[in-house]
Amino acid sequence: MELLNQVTQFVISGLATGAIYALIGLSFAIIFNSTGILNFAQGEFVMLGGVLTIFCLNVLQLPLLAAIAAAVAGTTVIGLVFERLAIRPLKNATPLALIIITIGASILIRGLVMLLWGKDTQALPAFSGNDPISVAGATLLPQHLWIFGVTILVIVGCRLFFHHTISGKAMRACSFNPRAANLVGISVGRMILLSFVLSAAVGSLAGVIIAPLTMTAYDVGVMLGLKGFCAAIMGGMGSGLGTVLGGLILGTLESLGAGLISSGYKDAIAFFILLLILFLRPQGLFKKGETERV
Amino acid sequence: MKKLLCTVFAAFTSLCLSTAAFAAAPIKIGALFAVTGPASFLGEPERNTAQMLVDKINKGGGIKGRKLELITYDTGGDATKAVQLANKLVKNDQVVAIIGPSTTGDSMAVIPIVEKAGIPLIACAAGSKITDPVKKSVFKTAQNDALAVARIYEQLKKEKKSRIAILTVSDGFGSSGREQLKAQAAAYGMQILSDDTYGPKDTDMTAQLTKIRGSRAQAVICWGTNPGPAVIARNAKQLGLQIPLYMSHGVSSKKFIELAGDAAEGIRLPSGKVLVADLLPKSDKQKASLLAFIKDYQNHFKAEGDHFGGHAWDAVMLLRSAIERGGATPAGIRNALEATRNFAGIGGVFNYSAKDHAGLGKDAFVLVEVRNKDWKLVK
């Protein structure tokens, strides 16, 4: 019984962490799908979400909801500026060069945040209290419910956007074949911009909803970004259910591994899975292998 | 004619410059602090404190009429950089003594350089290996981890608790604490039932705590620096962990209470006396130094002085007294430092000797508990 309770707790904690990885993974996939770039500044969007919310809340004295909206909007603008200044001007650069640019951008953003807001870790108050909720012998916080809720909303939203709106379909078209998309009158440049905007918004939202649990500082983005990347790889870089499942599986395995095997191997487990998938199933866990027609 | 004029002018200016330099001849002191990077929570208050004190000493006329010149470099918590900068201080800047570095890793890396050059170093890091075994020119001001561990174990023994769980961060600070926790367990009759770790950037420790909840441990000891322990405090509250939670001196600042919020209530930790300076009895030898440090720091930086800044306070003040007694040469300072007795600083009462370059006893730590978002002494 005791063991069962423990395992339930591990799984619930893991799912909560996994939901965050899924959100971040999703924001990775959005950009990858329309540009072929892995945006390593993704973790920084997550960090900006949390840091800006705390700034709006404490310094500008906005109410929580307005602070969150302002932080997400702010990060989105940063995503937009980033695309305009660093990605757009290099039209013919190879994806590798662009990826390196995103790494540079992540270092820049981290450095600026450190100079502007200092190096201290800061906490955001929980959205609806800190009283634990008991579920089947395990406990979770109201904030976890927020995380699950927001994650589900974002996933449903993404699904609707990518499959049922013109812009979403146009973005998918760009990911399949930018030249053909261009020929049928889709502005590829605009779609790339849109993907950065969306991705920054989703990433920062993830940053906001975890800040009450995990606290935030200028350097939290690195690890979260990597874990989100892991989730996206597991899902085969799709912007759908695959990435979400990837994130949830990753979170659960980490938590089970830390609890049942050894906590020292927690990160090792995540990156071992990443390597394993890159070796064995580079197309992701849930995708069929793609055949390229010549 | 023009050439002659030039020569005369050059000779004249160089003469002026050299006499000017001779008249002022400040005593050069080097400082290596991790002002940026992961250990910046140590380096920043240390740098602030050292600069504040040096300015204060200079304003008061310096040491025996000679001003101090503090040359500070930022190691970024990177041992390779620390080595380069230590070389720079010794060879280019020709300092007579060095304060810092902030972390144990940086300190161990620069020891060979100062030993070879014979420049006294007063490290502000806690690792006991810095001064054990004793090195000729290396001293330190931060309290050993071993003393903090002993303080916690003493309290547990007093409460007749012997089954413990430890949860340590997987970096230098945590692994050094873990070593000490395990090494001293037998001496205090402690039985470690669960030995877990977490990563410095981990965001959820419920897995480890669930495991601990399932063991028969009577207390949890967590060894880490912010923000990990604050996450652990919150997770423990979420899980409804009933047993007492002990933290290390690594989180003994108000920041921890701020981060952990309500979850901090009831948590105990060993701390330097600076946190509870106003609660100390008048008879306490350190009280005067502590209050002076806290007041100065508050005036200069509008922030609360913590015991990290205190390490630098101790280093500068020890150095000042050593220069007063032994003269401003590396050898003189070294010998005078070693002869320091009963120096009541921020970290404790220092008694250096040929066999002990750490200089502190167990009384350097007090055990405090968080009550109503403030510290209370545990008797």
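User: Happy to be looking at this with you! How many helices and strands make up the secondary structure of chain A?

Analyst: Good place to start. This is a predicted model, in which local features need pLDDT of at least 70, side-chain atom pairs count only at pLDDT 80 or more, and totals for chains, interfaces and linings use all residues. Residues are numbered from 1 along each chain as its sequence is written, while chains are lettered from A and ligands numbered from 1 in the order in which they are written. Helices (H or I, at least four residues) and strands (E, at least two) are DSSP runs, numbered from the N terminus. On that basis chain A has eleven helices and two strands, arranged along the sequence as α-α-α-α-β-β-α-α-α-α-α-α-α.

User: How is the radius of gyration of chain A to be read against the globule rule?

Analyst: The radius is taken over C-alpha atoms, and the globule rule is 2.2 Å times the number of residues to the power 0.38. For the 294 residues of chain A the rule gives 19 Å and the model has 19 Å, so the chain is as compact as a globular protein of that length. Its C-alpha trace spans about 60 × 50 × 35 Å along the principal axes.

User: And which share of chain A is buried?

Analyst: Burial here is a neighbour count: a residue is buried if 20 or more other C-beta atoms lie within 10 Å of its own, exposed if 12 or fewer, and partly exposed in between, with C-beta atoms placed from the backbone. In chain A, 50% of the 294 residues are buried.

User: What can you tell me about the span of α1(A)?

Analyst: The expected span of a helix is 1.5 Å times one less than its number of residues. With 34 residues, α1(A) should span 50 Å, and its end C-alpha atoms are 49 Å apart, which agrees. After α1(A) comes Gly36(A), with a positive phi near 80 degrees.

User: Which residue other than glycine has a positive phi of about 60 degrees?

Analyst: That is Gln61(A), placed in the loop between α2 (42–58) and α3 (64–87) of chain A. Gln61(A) has 9 other C-beta atoms within 10 Å and is exposed. Lys64(B) sits in the loop between α2 (40–59) and β2 (68–74) of chain B, and its 10 C-beta neighbours inside 10 Å make it exposed.

User: How many residues does each chain give to the contact between chain A and chain B?

Analyst: Two residues are in contact if their C-beta atoms, placed from the backbone, lie within 7 Å. Chain A gives 27 residues and chain B gives 28 residues. On the side of chain A, the elements that give two or more residues are α1 (2–35), α8 (188–214), α10 (241–261) and α11 (266–280), and α1(A) has the largest share, six residues.

User: Which residues touch the most other members of the largest nonpolar core?

Analyst: A nonpolar core is a set of buried Ala, Val, Leu, Ile, Met, Phe, Trp, Tyr and Cys residues joined through C-beta atoms within 7 Å. The largest one has 204 residues, and Ile98(B), Ile99(B) and Leu319(B) touch the most other members. The most residues come from α1(A), which gives 16. Leaving aside neighbours within four places in sequence, Leu319(B) is in contact with Ile29(B), Ala97(B), Ile99(B), Ile122(B) and Ile333(B).

User: How is chain B divided into domains?

Analyst: Domain bounds come from an automatic or database domain assignment. Chain B has domain 1 (11–143 + 288–361) and domain 2 (146–271), with C-alpha centres 32 Å apart. Each of domain 1 and domain 2 of chain B gives eleven residues to their contact.
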